[in-house]
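Reader: I'm new to this one. Could you walk me through it and tell me how you back up what you say?

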Amino acid sequence: MRQHRRTLRLLGSLLLVAMAASVTGAAPAPAASPTPLDRVIPAPASVAPGGSPYRITRGTHIRVDGSRETRGVGEYLAKILRPSTGYRLPVTSQGAGGIRLRLAEGPFGAEGYRLDSGRGGVTITAARPAGLFHGVQTLRQLLPAAVEKDSVQPGPWLVAGGTITDTPRYGWRGAMLDVSRHFFTVEQVKRYIDQLALYKINKLHLHLSDDQGWRIAIDSWPRLATYGGSTEVGGGPGGFYTKADYREIVRHASSRHLEVVPEIDMPGHTNAALASYADLNCDGVAPPLYTGTEVGFSSLCAGKEITYDFVDDVIREIAALTPGRYLHIGGDEAHSTSHEDYVKFMDRVQPVVAKYGKTVVGWHQLTGATPAKGALAQYWGLDGTSAEEKARVVKAAQNGTGLILSPADRVYLDMKYTKETPLGLSWAGYVEVKRSYDWDPGAYLPGVPGGAVRGVEAPMWSETLENSGHIEFMAFPRLPGVAELGWSPASSHDWERYKGRLAAQAERWDALGIEWYRSPQVPWGGGGG
């Protein structure tokens, strides 16, 4: 009889719920389903869905092996998951199950990984810590976007069952930030680094000097920073990084498995240096500081020995601060330097980079001189760049110079999306999301050997950008597409499928507080923007 009464009460409760739903028009909440394994950006190399999902619960542990690097990735993951789940998620080397991060030899290369998910747990396996870190970025995207929030969310926290096996197409997947036209603080740069890491970007190219500002302290030439860094486009106060500041940027980038590539642009784009030291000018007269946006008017004096003393000191000090392999010497738009002086300058400067243990990177105008052995040229031309200029770059690639592709009318993130975009420039045209994604780095410059293309990079010039919101609005939604061009196999490239995956990212950007542009080319859901 007691069981019968309990059954009647239960039926009555269910009837009341059904009546309430009928009156309010509310439908019962659908069962949560995990994000499919193939919905992430960049598209993984191989996806094999199947089996039950894994559910992160209050009892989940993050299990790591004994290495310091693996524990660091585990702590990074825990720091992301704890605020939104409300769970302790201890990082431990004991036990089994849960989320496991493990280093093991396999066909992963330096950055690849395998992610296995099933009812019993999630395991990310890689040969190197960078691979584990990239696998964690994939895991983030397989969880609901609310996982990015900094307050407790309801969940559930499901990871679809199956296996992802993933390695990058290119070893150079970069983003450049111009801190010279407008200065960005250490915290602003670190915020951008965190956003880049989500999409497996592995190079941060910092444009540290230009006509409008010198942004890194050089002990042997102190006025470069204190005077040359004292302004910016529009006449603001500018700023510069102390050596401690720069080390903090490098440290933070390294913790996100990004390599910092510092750039000192020369012999052109040097007015801030020329204004700081009169002796660097051919006539011995220092020009005034510059806060405009025109280019091509400044040049170091290729015929004076003090120029090369200056270059040696600057490269020596920056190389000592930079653990990465590369140092960028600019070389673009040197319109005030004769061809003869340009060649002489590059012939003198490139060996200095090697002397301090770094590999030369330069804008593709470097191919107008003789690129050093092992040098990389960063191509920023347009679809419509002259055949002669393209041929020079192609010839250099055929002779062993590696290429980083940054075509301005495809991946310059400071180009306006449309005529109405309130920020950015348009000298390379308008670059909507489809245009920035829909090209193949491997086939972009006909005649370039496949192995010569080292990767892609998305530059962000800052003539019109003054804060993190401006950077984000221009980067999102284009940056994830450039990241996919660098990471994913060419066979996965498909705009129609990509734009659906991109639309699904908007909720994550909102959760992270990222400002973004609501392109009409993408079928966004109800997210902000």
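Author: Happy to. This is a predicted model. Let's start with helix α2: its buried residues pack against β2 (54–56), β3 (62–64), β4, β5 (98–103), α3 (129–142) and β8 (157–159).

Reader: Which residues of α2 are buried, and what makes a residue count as buried?

Author: Buried means under 20% relative accessible area. In α2 the residues that fall in that class are Thr70, Val73, Gly74, Tyr76, Leu77, Ala78, Ile80, Leu81, Ser84 and Thr85.

Reader: How do you know that the span of α2 agrees with what a helix should give?

Author: Helix α2 covers residues 68–85, 18 residues in total, so at 1.5 Å a residue it should span 26 Å. Its end C-alpha atoms lie 25 Å apart, which agrees. Just past α2 comes Gly86, with a positive phi of about 80°.

Reader: There's an open sheet of seven strands too. What makes β1 and β4 its edge strands?

Author: The order is β1-β9-β6-β7-β5-β3-β4, with mixed pairing. Both β1 (46–49) and β4 (91–92) pair on one side only, and that's what puts them at the edge.

Reader: Why is strand β19 called largely enclosed?

Author: Look at residues 453–460: seven of these eight are buried, so the rest of the structure largely encloses β19.

Reader: Which strands pair with β19, and in what sense?

Author: Strand β10 (residues 172–178) does, in the parallel sense over six bridges, with Trp172 standing opposite Gly455. Strand β18 (residues 402–405) is parallel to β19 too, over three bridges, and there Leu403 stands opposite Val453.

Methods
Residues numbered from 1 in each chain as written. Predicted model: local features only at pLDDT ≥ 70, side-chain atom pairs only at ≥ 80, totals over all residues. Heavy atoms only, no water. Buried < 20%, exposed > 50% of the residue type's maximum accessible area, 1.4 Å probe, protein only. Helix = DSSP H or I, 4+ residues; strand = E, 2+ residues; numbered from the N terminus. Pairing = 2+ DSSP bridges. Expected span 1.5 Å × (residues − 1). Contact = heavy atoms within 4.5 Å.
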